[in-house]
Protein chains: 2
Amino acid sequence: MACRISELVLDAADPERLAAFWSEVLGYVELGREDDGSIEIGPPDGGPQPTLVLSPSSAPRPGKLPLHIDVSATDRDQDAELERLLALGARPADVGQTGTESWHVLADPEGNEFCLLRTRIRPA
Amino acid sequence: MACRISELVLDAADPERLAAFWSEVLGYVELGREDDGSIEIGPPDGGPQPTLVLSPSSAPRPGKLPLHIDVSATDRDQDAELERLLALGARPADVGQTGTESWHVLADPEGNEFCLLRTRIRPA
């Protein structure tokens with residue numbers, strides 16, 4: 001009776017670089033490449049999380065992303081994960097947040113904003 | 001050892017309207033509302049698919065979305081799902097595609113592009 005979110009497609013000036021970054025962030029592996037230079041990464045076990053397609057684009061980034069990804073650590077607390085993400089090349093981003101939020105606003109190596117949420121229990 | 005994609009956050013001029021549309025598309029239900037007017041929708045069973053947060057924003061849409069969602073039908077073929085999505089208020093969008101692609105480019109009621117993929121078998 002419905003659709004599922006199967007992929008997220010992110011424009012990238014350098015798909016290789018963003019594929020490497022997001023693979024580390026999400027524990028994803030490369031699933032395939034297209035002739036146009038797109039690289040698809042996804043869960044190594046083919047799980048139900050959406051894959052991520054890094055799609056080559058030379059279009060300039062038009063300011064804050066109107067659609068962004070929030071991530072949550074799966075096996076550690078938010079502080080430890082923040083440290084890991086910064087070491088991977090994420091950097092703090094300012095989108096007008098007050099600094100008192102429970103999440104961290106970061107940007108990937110091409111400046112795409114994403115948030116690291118406080119790990120939370122999801123309804124079963 | 002990694003993060004999971006827990007939410008996607010989409011700026012919306014009218015969160016109510018987009019929450020209704022995307023709930024129908026994805027078979028999602030409302031999970032909660034924030035004081036700022038954000039509406040979160042997600043799988044009714046709390047499954048592993050990301051939730052979607054419609055976040056109020058008056059910022060103008062800056063052209064083609066640099067991050068977009070691809071969806072796949074879960075229980076019907078692509079043609080039948082296309083018909084359903086158009087009836088829900090999606091409309092065909094032109095992002096420069098040739099028309100020979102295996103997917104359909106659509107826009108949601110606020111003009112956010114998304115694609116309906118051909119249903120495919122994912123690696124197990």
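1. In which sense do S7(A) and strand S8 (residues 113-116) of chain A pair, and over how many bridges? They pair in the antiparallel sense, over four bridges. Two strands count as paired if DSSP finds at least two bridges between them. Helices (H or I, at least four residues) and strands (E, at least two) are DSSP runs, numbered from the N terminus. Within this pair, Val105(A) has Cys115(A) in S8(A) as its bridge partner. The hairpin of S7(A) and S8(A) has five residues between the strands, and Gly111(A) takes a positive phi near 90 degrees there.

2. Ground rules. This is a predicted model, in which local features need pLDDT of at least 70, side-chain atom pairs count only at pLDDT 80 or more, and totals for chains, interfaces and linings use all residues. Residues are numbered from 1 along each chain as its sequence is written, chains are lettered from A and ligands numbered from 1 in the order in which they are written, and side-chain values use heavy atoms, with hydrogens and water left out.

3. Confidence. pLDDT is the predictor's confidence in each residue, from 0 to 100. Chain A has a mean pLDDT of 91, and 94% of its residues reach 70 or more. For the complex, the predictor gives an ipTM of 0.90 and a pTM of 0.90.

4. Symmetry. Chain B superposes on chain A by a rotation of 180 degrees with 0.0 Å of shift along its axis (RMSD 0.0 Å). That is the relation of a two-fold axis. The superposition is by least squares on the C-alpha atoms of residues with pLDDT of at least 70 in both copies. Of the interface residues of chain B, 98% are also interface residues in chain A, so the copies meet through the same surface. Contact here means heavy atoms within 4.5 Å.

5. The sheet. Eight strands form an open sheet with mixed pairing, in the order S2(A)-S3(A)-S4(A)-S1(A)-S5(B)-S8(B)-S7(B)-S6(B). Strand S2 (29-33) of chain A and strand S6 (91-92) of chain B stand at the edges, each with a single partner strand, so one side of each is left without a neighbour in the sheet.

6. Strand S1 of chain A. S1 (residues 3-12) pairs with strand S4 (residues 51-56) of chain A in the parallel sense, over six bridges. Glu7(A) stands opposite Thr51(A), and Asp11(A) has Ser55(A) as its bridge partner. S1(A) also runs antiparallel to S5(B), joined by seven bridges. There, Arg4(A) is partnered by Ser72(B). Nine of the ten residues of S1(A) are buried, so the strand is largely enclosed by the rest of the structure. Buried means under 20% relative accessible area, exposed over 50%, and partly exposed in between (1.4 Å probe, protein chains only).

7. Domains. Chain A is divided into domain 1 (1-56) and domain 2 (67-124). Their contact takes 14 residues from domain 1 of chain A and twelve residues from domain 2 of chain A. The bounds come from an automatic or database domain assignment.

8. The S6-S7 pair. Strand S6 (residues 91-92) of chain A pairs with strand S7 (residues 104-107) of chain A in the antiparallel sense, over two bridges. Pro92(A) has Leu106(A) as its bridge partner.

9. Leu86 of chain B. Leu86(B) lies in helix H2 (residues 78-88) of chain B. Leu86(B) is partly exposed, with a relative accessible area of 36%. Not counting residues up to four places away in sequence, Leu86(B) touches Arg91(B), Pro92(B) and Leu106(B).
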